[in-house]
Amino acid sequence: MAVSFNLDEKERAWLSRLARQSIALAVGAEPVMPQVTSLSEALKSPDAPGREEHPVLGRPLGAFVTITLAGNLRGCIGSIVGREPLEENVWRMARAAALEDPRFPPLTAWEWAQADLEISVLDELTPCPEPERIEVGRHGLALQYGGRTGVFLPQVPVEQGWDREAYLENLCRKAGVPQGTWRLPQARLFWYEAQVFHA
């Protein structure tokens, strides 16, 4: 199992600019692209990398955008499966992370000026053949059972200090199902890899 794409420095920088512009517009902060007021304008700007030279930007990849403030989570929204080009997904998820995370009030311009940003671009989810092969820090996980779903990005168990067993048990908790559910034959456990970078 390996990531099926590789974001180069220019692609990461462009996705970072898109995310920062989207959030700035959403919270009324100083924009990073002063003349740009929408995604369509951003994609037409001279700074935009062409999709012919950078086809990964047009791939329908999943993405999560995470905002932290003083090391604490302040918003995180994403899509496990991409249903639109990566550029568009990152733009939408960035705005959603700032304004629509139900755990937090909308981000303010004052907070945004001090916040940190991280983008995770997800590869395709595939069934996990053996839980023993899960590598903490490498594999993100998704669990589906009884109409419920829980998802963790690869960096979460590292940040929380979990081993593989704790990772899987906390995934059950995230999905709202009993501990040990991941062991049941009816449970569907998926894994994936991601490229994660600070924006």
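Buried means under 20% relative accessible area, exposed means over 50%, and partly exposed lies in between, with a 1.4 Å probe and protein chains only. This is a predicted model, in which local features need pLDDT of at least 70 and side-chain atom pairs count only at pLDDT 80 or more, whereas totals for chains, interfaces and linings use all residues. Residues are numbered from 1 along each chain as its sequence is written, and side-chain values use heavy atoms, with hydrogens and water left out.

**View 1**
Ser 120 is buried, with a relative accessible area of 0%. This residue belongs to strand β3, which covers residues 116-122; helices (H or I, at least four residues) and strands (E, at least two) are DSSP runs, numbered from the N terminus. The side chains of Ser 120 and Gln 155 form a polar contact of 3.0 Å. A polar contact is a pair of N or O atoms within 3.5 Å; within protein, one must be able to donate a hydrogen and the other to accept it, and residues adjacent in sequence count only if both atoms are side-chain atoms. With residues up to four places away in sequence not counted, Ser 120 touches Gly 62, Ala 63, Phe 64, Leu 153, Gln 155, Gln 195 and Val 196, where contact means heavy atoms within 4.5 Å.

**View 1. The open sheet of 4 strands.**
The strands of this open sheet follow the order β2-β1-β3-β8, with antiparallel pairing; two strands pair if DSSP finds at least two bridges between them. Its edge strands are β2 and β8 (194-198), each of which pairs on one side only. On average, neighbouring strands of the sheet are turned by 15° against each other, direction ignored. Axes are lines fitted to C-alpha atoms, for helices over the stretch in contact, and angles run from 0 to 180 degrees between N-to-C directions. Helix α1 (residues 9-27) packs on the sheet and touches β1, β3 and β8, its direction making about 125° with that of β3. Helix α3 (residues 86-99) also packs on the sheet, touching β1, β2 and β3, and its direction makes about 35° with that of β1.

**View 2. Strand β1 and its two partners.**
Strand β1 (residues 62-69) is mostly covered, since 7 of its 8 residues are buried. Antiparallel pairing joins β1 to β3 through 7 bridges. Among the facing residues, Thr 68 stands opposite Asp 116 in β3, and Gly 62 has Leu 122 of β3 as its bridge partner. Strand β2 (residues 72-79) is also joined to β1 by 7 bridges, and these two strands run antiparallel. Here Val 65 has Ile 77 of β2 as its bridge partner. The hairpin of β1 and β2 has 2 residues between the strands, and in it Ala 70 takes a positive phi near 55°.

**View 3. Helix α1 from its cap to its end.**
Helix α1 has 19 residues and reaches 27 Å from its first C-alpha to its last, close to the 27 Å expected at 1.5 Å a residue; the expected span of a helix is 1.5 Å times one less than its number of residues. Asp 8 caps the N-terminal end of α1, with a side-chain oxygen 3.1 Å from the backbone nitrogen of Lys 10. The buried residues of α1 include Trp 14, Leu 18 and Ile 23. Their cover includes α2 (39-44), β1, α3, α4 (109-112), β3 and β8. Gly 28 follows α1 and has a positive phi, near 75°.

Helix α6 (residues 164-175) has 12 residues and reaches 17 Å from its first C-alpha to its last, close to the 16 Å expected at 1.5 Å a residue. At the start of α6, a side-chain oxygen of Asp 163 reaches to within 3.3 Å of the backbone nitrogen of Glu 165. Among the buried residues of α6 are Tyr 167, Leu 168 and Leu 171. The cover of these buried residues includes β5 (140-145), β6, α5 (155-160) and β7 (188-192). Thr 149 lies in strand β6 (residues 148-152) and is partly exposed, with a relative accessible area of 43%. Its C-alpha atom is separated by 9.0 Å from that of Leu 171, 22 residues apart along the chain. Just after α6, Gly 176 takes a positive phi of about 75°.
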